[in-house]
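User: Could we go through this model together? I would like to begin with its contacts along the chain.

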Amino acid sequence: MGNNLKERLVFTTLMCALMVFGMSLYNLVLLDGFSPDLVIDLLRGYLPGFAVALILDIFVVGRFAKGLLLKFTSERDHTAKKVLLMSLFMVTGMVLFMSLYGALVNGGLSAELPHKYLTGIIQNFIFALPLQLLIIGPIVRVVFNRIYSKADMLPSN
């Protein structure tokens, strides 16, 4: 979403920031429940996770997802189809990468890594897709459209 590089970067950053927050909270609750350290653990892991996710989103997954979107849609297709497919491609790619990141951060390079990674993929995909489609995606689109529709109304110098 966005008409230029700046707008696309703002949209991507908003989407990534909120998805990392939601998925981090979800994974911490899965690991430790609603522990007294939940907020501290969330704050401690948020910035590194966000940085990794944003880099992956911009340079790897986003590019791949856009390429897939072009193969599976045409100009005539309804916007809703494009949004749904892009969300599916992005969530799938990000879950594959970020589940590996989470498994490495929480367990390191151990014999349990393949099991933790596969379990993480399943658990994260189950939560990430509805989170993106039903909560984060709509919120980011509303916020983004409000920011840029007001910016479009401002007089230029």
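Analyst: In the protein chain, residues 24 or more positions apart account for 68% of the contacts with a separation of 6 or more, a contact being heavy atoms within 4.5 Å. This is a predicted model, in which local features need pLDDT of at least 70 and side-chain atom pairs count only at pLDDT 80 or more, whereas totals for chains, interfaces and linings use all residues. Residues are numbered from 1 along each chain as its sequence is written, and side-chain values use heavy atoms, with hydrogens and water left out.

User: How many helices and strands are there?

Analyst: There are 4 helices and 0 strands, and the pattern along the sequence is α-α-α-α. Helices (H or I, at least four residues) and strands (E, at least two) are DSSP runs, numbered from the N terminus.

User: And what box do the C-alpha atoms fill?

Analyst: Taken along the principal axes, the box is roughly 55 × 35 × 25 Å. Of the 157 residues, 32% count as buried, that is, under 20% relative accessible area, with over 50% termed exposed and the range in between partly exposed (1.4 Å probe, protein chains only).

User: What does Cys 16 touch?

Analyst: Not counting residues up to four places away in sequence, Cys 16 touches Phe 50, Ala 53, Leu 54 and Asp 57.

User: Now Glu 7: buried or exposed?

Analyst: Glu 7 is buried, with a relative accessible area of 10%. Its place is in helix α1 (residues 5-32).

User: Which residues is Glu 7 in contact with, beyond its neighbours within four places in sequence?

Analyst: Those are Met 1, Gly 2, Phe 144 and Tyr 148. Glu 7 and Ile 147, 140 residues apart in sequence, are 9.9 Å apart in space, C-alpha to C-alpha.
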